[in-house]
Amino acid sequence: MKNEIIDEVPVYQKIAIDIAKKIINGKYSLGEKLSGRSTLASEYRVSPETIRKSVYILKEFDILNISKGSGIEIRSIENAIRYMEQYGESQTIDSIKKDIHDWVKRQKKENEKLLNSITKLLEITDKFEAVNPFTPLAIRITPSMNFIGKTSAEVMFWNHTGATIFAIKHGDKTILSPGPQTVFQEGDILYFIGDEQSYDRVKNFFTSAIQS
């Protein structure tokens, strides 16, 4: 059965870690000889070249001793412990790097999603403004206004404001597209459309219409 070894690192590194663990756990004793490279390759189901790299790492840490006559021999349990401690620190750094990478990736995805949403919103807004270039407004005629009983034509509403009245609500009755001779009455609500400049002119017009 294939040995269970740690993921997310190169295979030869995994095997080196696994051998070091077995040395620390007492499966291999100090001075004991390991199986040959071919046997280890079969045990871990990898190529002999991969085993060569794994053994070389442990030799560099002075955990194993390799000689032509004696083969692969366990040299130091203490160095195996130091190697695993160093590996643990390395894994912590790699884990932090991975977390940062994942966070950046998520942020990039969220930013792209936000940008797409903003783009769609702008497109919808542009379409709406193209179809509806004017903003609907409304104002109620109060008793203090001096054009009660007068018509739109008499007060020259459009001339002063540039806005167009498209409806008048009188009580429960709504008059659509009222003509210029429609009489304004107290309590009426005037609905009109115009651009931003028209809105300012309408406000000024109604303010000037208030009796002092």
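Which residue in E5 stands opposite Ile168? The legends below answer this and describe further views. The model is predicted: local features need pLDDT of at least 70, side-chain atom pairs count only at pLDDT 80 or more, and totals for chains, interfaces and linings use all residues. Residues are numbered from 1 along each chain as its sequence is written, and side-chain values use heavy atoms, with hydrogens and water left out.

**View 1. The hairpin of E4 and E5.** Strands are DSSP runs of E with at least two residues, helices are runs of H or I with at least four, and both are numbered from the N terminus. Strand E4 (residues 164–170) pairs with strand E5 (residues 173–176) in the antiparallel sense, over four bridges; pairing requires at least two bridges found by DSSP. Ile175 is the residue opposite Ile168. Two residues lie between the strands, and Gly171 in the turn has a positive phi of about 65°.

**View 2. The largest nonpolar core.** Such a core is a set of buried (under 20% relative accessible area, 1.4 Å probe, protein chains only) Ala, Val, Leu, Ile, Met, Phe, Trp, Tyr and Cys residues joined through side-chain atoms within 4.5 Å. Among the elements supplying at least two residues each are helix H2 (37–44) and strand E2 (71–74). H1 gives the most, six residues.

**View 3. Around Ile19.** Leaving out residues up to four places away in sequence, Ile19 touches Tyr28, Leu34, Tyr44 and Leu58; contact means heavy atoms within 4.5 Å.

**View 4. A second, separate core.** This core has 15 residues, including Ile141, Val155, Leu190 and Phe206.

Methods
Buried < 20%, exposed > 50% of the residue type's maximum accessible area, 1.4 Å probe, protein only.
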